[in-house]
Amino acid sequence: MKRLGMGGTVLLPATAWLASRTAARAEGFRGRLTRGDTSILRLLAAAEIIEWDLWLQYQELALGNAAYQLALESLDGDMPTYVRQNNRDEFTHQNFLNAYLVSKGHKPVSLEPFRSLPSSQATGANKTAKRLTNLMNLTVDTSWYTRYRSAGNPDFGDTFPQIVNLVDLPAIPNSDLPLPSDSDGFKIQLIANTAGFHFATIEQGGLSLYNSLLSKATSPEVIKIIAGIGGSEIQHFEVWQDKAGNAPLVMDNNGNVLFPQLPAAPEQTPNGTDPADAMDTNQIMPHPCKFINGDLPQCAVVRPTSIAQAGAVATFTGFTRSGLFTGQSDGFFDFIFALAKEADEARRESD
Ligand SMILES: [Fe+2]
Ligand SMILES: [Fe+2]
């Protein structure tokens with residue numbers, strides 16, 4: 001019997017072996033997800049829940065607080081409706097990702113046990129709601145502004161200066177403040193300018209995160225999901241990058257500059273050439289940069305896209321350093337960084 005059994009295994013026809021391999025792979029695509037794909041989708045679901053939480057806070061105040069709304073409209077009259085659309089999109093991102101996980105037999109990701117942070121007490125906010133994110137003490141990384149206007153790429157070790165120093169500032173009001181046109185109107189305008197830059201900071205982080213994970217996915221359907229949702233993060237960033245450039249100069253009542261005048265775009269340049277000041281506010285398309293290999297020609301692309309610079313741990317570390325999670329529990333950090341580590345370690349499975 002033993003000899004027969006061994007012989008049976010050895011003599012299994014190659015076609016049968018191939019058929020079983022193909023069936024197993026098909027199961028991975030149509031049935032349960034591979035381990036790597038599951039890790040990526042779980043991480044993205046958590047990231048989207050976090051995005052939704054912060055965008056909902058922005059929406060409540062952009063639509064319900066007159067002073068904040070007017071100050072945002074100094075950047076663009078459409079800011080309140082764009083905030084609403086971005087919040088709607090984030091709801092659908094997390095909702096879809098969790099529904100997809102469930103459709104493949106996995107549990108949805110929930111951050112509800114960590115919903116513990118207080119709400120703004122300003123008019124418009126849902127004051128009694130508990131939040132996952134903290135928009136009251138943000139240090140906003142504005143280096144995306146200089147990065148996307150330069151030929152360098154963080155994946156090659158290049159670093160980029162801040163265009164504005166926004167350190168430990170609220171991005172939503174915590175109480176009702178004077179209108180922008182009032183004598184103390186600079187207070188709400190500084191908050192709105194901080195938000196205007198934070199909108200773009202969040203979304204560029206999102207698009208780099210999605211791009212960093214794309215090449216690690218196995219199932220064509222999961223690749224389609226990452227590319228599809230990641231593409232909408234790019235759309236968000238591009239709008240916010242344009243609007244942030246409209247943030248006005250803010251001075252206090254003594255003439256101290258709290259938010260500088262950004263480099264203004266020239267009326268026009270000769271023959272459509274690039275302007276002398278590469279940092280001008282109208283330079284919103286991605287400046288060509290190093291990509292893949294420094295010996296290759298420069299290319300206008302999303303950057304960074306490496307796991308080290310743009311992956312899940314890098315993204316959540318950036319969020320943490322910005323103060324977005326100030327007040328969160330150790331359990332929250334343990335949970336999200338465990339998800340992030342697993343996603344960064346995901347490997348594409350090939351035949
Ligand atoms: Fe999103
Ligand atoms: Fe987003």
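Start by selecting Ala308, which counts as partly exposed because it has 13 C-beta neighbours inside 10 Å. On this scale, 20 or more other C-beta atoms within 10 Å of a residue's own make it buried, 12 or fewer make it exposed, and partly exposed lies in between; the C-beta atoms are placed from the backbone. Ala308 sits in helix α9.

**Before you go on**

This is a predicted model: local features need pLDDT of at least 70, side-chain atom pairs count only at pLDDT 80 or more, and totals for chains, interfaces and linings use all residues. Residues are numbered from 1 along each chain as its sequence is written, while chains are lettered from A and ligands numbered from 1 in the order in which they are written.

**The whole chain**

Zoom out and colour by secondary structure. The protein chain has eleven helices and four strands. These are DSSP runs, numbered from the N terminus: helices are H or I with at least four residues, strands are E with at least two. The chain has 351 residues, and 42% of them count as buried. Of its contacts with a separation of 6 or more, 72% join residues 24 or more positions apart. Two residues are in contact when their C-beta atoms, placed from the backbone, lie within 7 Å.

**Stop 1: a cis bond**

Select Arg303 and Pro304. The peptide bond between them is cis, with omega near -5°. Most residues other than glycine have a negative phi, and most peptide bonds are trans. Pro304 is in the loop between β4 (257–259) and α9 (307–310).

**Stop 2: two positive phi values**

Stay in that loop and pick Ile292, which also lies between β4 and α9. Its phi is near 65°, a positive value in a residue other than glycine. Ile292 is exposed, because 12 other C-beta atoms lie within 10 Å.

Next, select Asp168 in strand β2 (residues 166–169). Asp168 has a positive phi too, about 55°, although it is not a glycine. Asp168 counts as exposed, because it has 11 C-beta neighbours inside 10 Å.

**Stop 3: Gln204 and its helix**

Gln204 is part of helix α7 (residues 186–214). Is Gln204 buried or exposed? It is buried, because 27 other C-beta atoms lie within 10 Å. Show Trp144 and Phe237 as well: Gln204 is in contact with both, leaving aside its neighbours within four places in sequence.

**Stop 4: α7 against α8**

Show α7 together with helix α8 (residues 220–244); their axes come within 8 Å and cross at roughly 155°. Axes are lines fitted to C-alpha atoms, for helices over the stretch in contact, and angles run from 0 to 180 degrees between N-to-C directions. The two helices are therefore roughly antiparallel to each other. That label covers angles over 145 degrees; under 35 is roughly parallel, 65 to 115 roughly perpendicular, and the rest oblique. The contact residues of α7 with α8 comprise 15 nonpolar, seven polar and three charged. Here Ala, Val, Leu, Ile, Met, Phe, Trp, Tyr, Cys and Pro count as nonpolar, Asp, Glu, Lys and Arg as charged, and the others, Gly among them, as polar.

**Stop 5: α7 against α3**

The axes of α3 and α7 come within 12 Å and cross at roughly 170°. This pair is therefore also roughly antiparallel. Which residues of α3 and α7 meet? Ile40, Ala47, Glu51, Leu54 and Tyr58 in α3 meet Ala195, Ile202, Gly206, Leu209 and Leu213 in α7. By class, this contact has eight nonpolar, one polar and one charged residues.

**Stop 6: the core**

Now select Ile40, Leu43, Ala46, Tyr68 and Ile191. Of the 83 residues in the largest nonpolar core, these touch the most other members. Such a core is a set of buried Ala, Val, Leu, Ile, Met, Phe, Trp, Tyr and Cys residues joined through C-beta atoms within 7 Å. Helix α3 (residues 35–64) gives the largest share of this core, 15 residues. In soluble globular proteins, nonpolar side chains tend to be buried together.

Centre on Ile40. Not counting residues up to four places away in sequence, it touches Leu213, Lys216, Ala217, Val222, Ala343 and Ala346.

**Last stop: Ala346**

Finish on Ala346, in the segment after α11 (330–344). Ala346 counts as buried, because it has 23 C-beta neighbours inside 10 Å. Beyond four places in sequence, its contacts are Gly36, Ser39, Ile40 and Lys216.
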